[in-house]
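The entries follow below the model.

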Amino acid sequence: MESFKQHDEFRTEKLISLPNNIWQKAIEENPVLGNLYITHIGYFPNATYYYRERKKGCTDNILIYCVRGKGWHIVNGIRFEIRPNQFFIIPATNQHIIYGADEDDPWTIYWVHFSSRKIDVFNKSFNIGLFDGPRQIAYNEKGIELWNTMYHSLEMGYGKENITKANLCLYHFLSSFLYPDVNVNEKKQDEKDSISNTIAYMRNNLGGKITLEDLALINNLSPSHFSLLFKKSTGMAPLDYFIHLKLQQACLLLITSEVKVKIIAADLGYDDPYYFSRLFKKHMKMSPLQYRFSPQSKSS
């Protein structure tokens with residue numbers, strides 16, 4: 001026996017429940033859909049007095065994403081508190097589960113029930129456990145976009161195209177929560193832009209001399225912090241990457257022009273052509289002149 005409490009203030013919600021026969025028919029026509037499919041989908045804004053109790057559990061997985069306010073859920077007597085930008089997944093179970101909104105600061109939630117012909121295998125494969133509790137996530141804009149696509153598709157009817165589109169989006173929707181590191185939050189985007197701008201600065205100054213301190217100062221970071229971020233993004237230390245760009249340019253000039261090696265060295269900021277030649281040979285495993293006339297340098 002399930003109980004569900006709702007109040008008159010709890011309105012403007014969105015909810016679609018797909019009849020069993022709809023999925024049965026869809027899966028018969030396209031068995032692939034049976035691997036993972038939506039059974040219910042909804043959005044409850046400022047869900048005052050929201051309360052849901054399932055004494056015999058649920059045969060579906062339940063994903064709830066809280067974007068504002070607070071809530072809670074209880075699994076077999078163990079209580080978890082939910083805060084903004086947290087989500088939780090209750091796997092299919094026959095255990096007693098309850099969940100609801102905080103009385104003073106009720107949550108706003110996007111939620112999806114989903115199932116599979118082999119839902120237990122799915123949960124085991126992705127380490128989804130009954131007592132996992134909430135997981136923190138950066139604001140999942142992509143997940144919400146996908147939720148809207150799924151909802152709109154089903155809202156348009158249960159035709160083959162709508163069902164299939166919603167179902168394919170479900171995979172991407174779940175991945176945006178299970179693998180949130182693929183989503184670029186504001187901090188990561190700033191870091192990415194910082195590295196891209198630094199590389200552009202290097203390319204525009206191949207003929208100059210740049211220190212680690214110069215690059216760190218441009219990015220308003222300490223040299224050690226900047227060096228760590230740069231290497232994490234590119235796999236190379238900043239000054240090694242700068243040398244790499246210089247040698248790339250040297251290779252291009254060697255095979256596309258007849259400019260003398262000492263001129264190329266000077267153009268790239270190396271006053272000593274012998275030092276440049278040694279540096280080139282260290283990285284390219286041949287001298288500049290050998291590279292200019294090597295068969296490999298002529299290949300496209």
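I call a residue buried when its relative accessible area is under 20%, and exposed when it is over 50%. The model I am reading is predicted.

Entry 1, cysteines. I looked up Cys169 first. Its relative accessibility is 13%, so Cys169 counts as buried. I then turned to Cys66. Cys66 has 0% relative accessibility and therefore counts as buried.

Next I checked for disulfides. For a disulfide I need two cysteine sulfur atoms within 2.5 Å. By that rule I count zero disulfides. Cys66 is in none, and the nearest cysteine sulfur, that of Cys58, lies 20 Å away.

How many of the residues of β9 are buried? I find five of five in this strand, which covers residues 97-101, so I note β9 as mostly covered under the 20% cut-off. I also looked at which way they point. Ile97, Tyr99 and Ala101 point one way from β9. Ile98 and Gly100 point the other way. Residues of both sets are buried.

Which strands pair with β9? I traced strand β4, residues 51-54, and found it antiparallel to β9 over four bridges. In this pairing I see Glu53 opposite Ile98. Strand β6, residues 71-75, also runs antiparallel to β9, and five bridges join the two. There I noted Gly71, whose bridge partner in β9 is Ala101.

Back to the two β9 residues named in these pairings. Ile98, opposite Glu53, is buried. Ala101, the bridge partner of Gly71, is buried and points the other way from β9 than Ile98.

Methods
Residues are numbered from 1 along each chain as its sequence is written. This is a predicted model: local features need pLDDT of at least 70, side-chain atom pairs count only at pLDDT 80 or more; totals for chains, interfaces and linings use all residues. Side-chain values use heavy atoms; hydrogens and water are left out. Buried means under 20% relative accessible area, exposed over 50%, partly exposed in between (1.4 Å probe, protein chains only). Two strands pair if DSSP finds at least two bridges between them.
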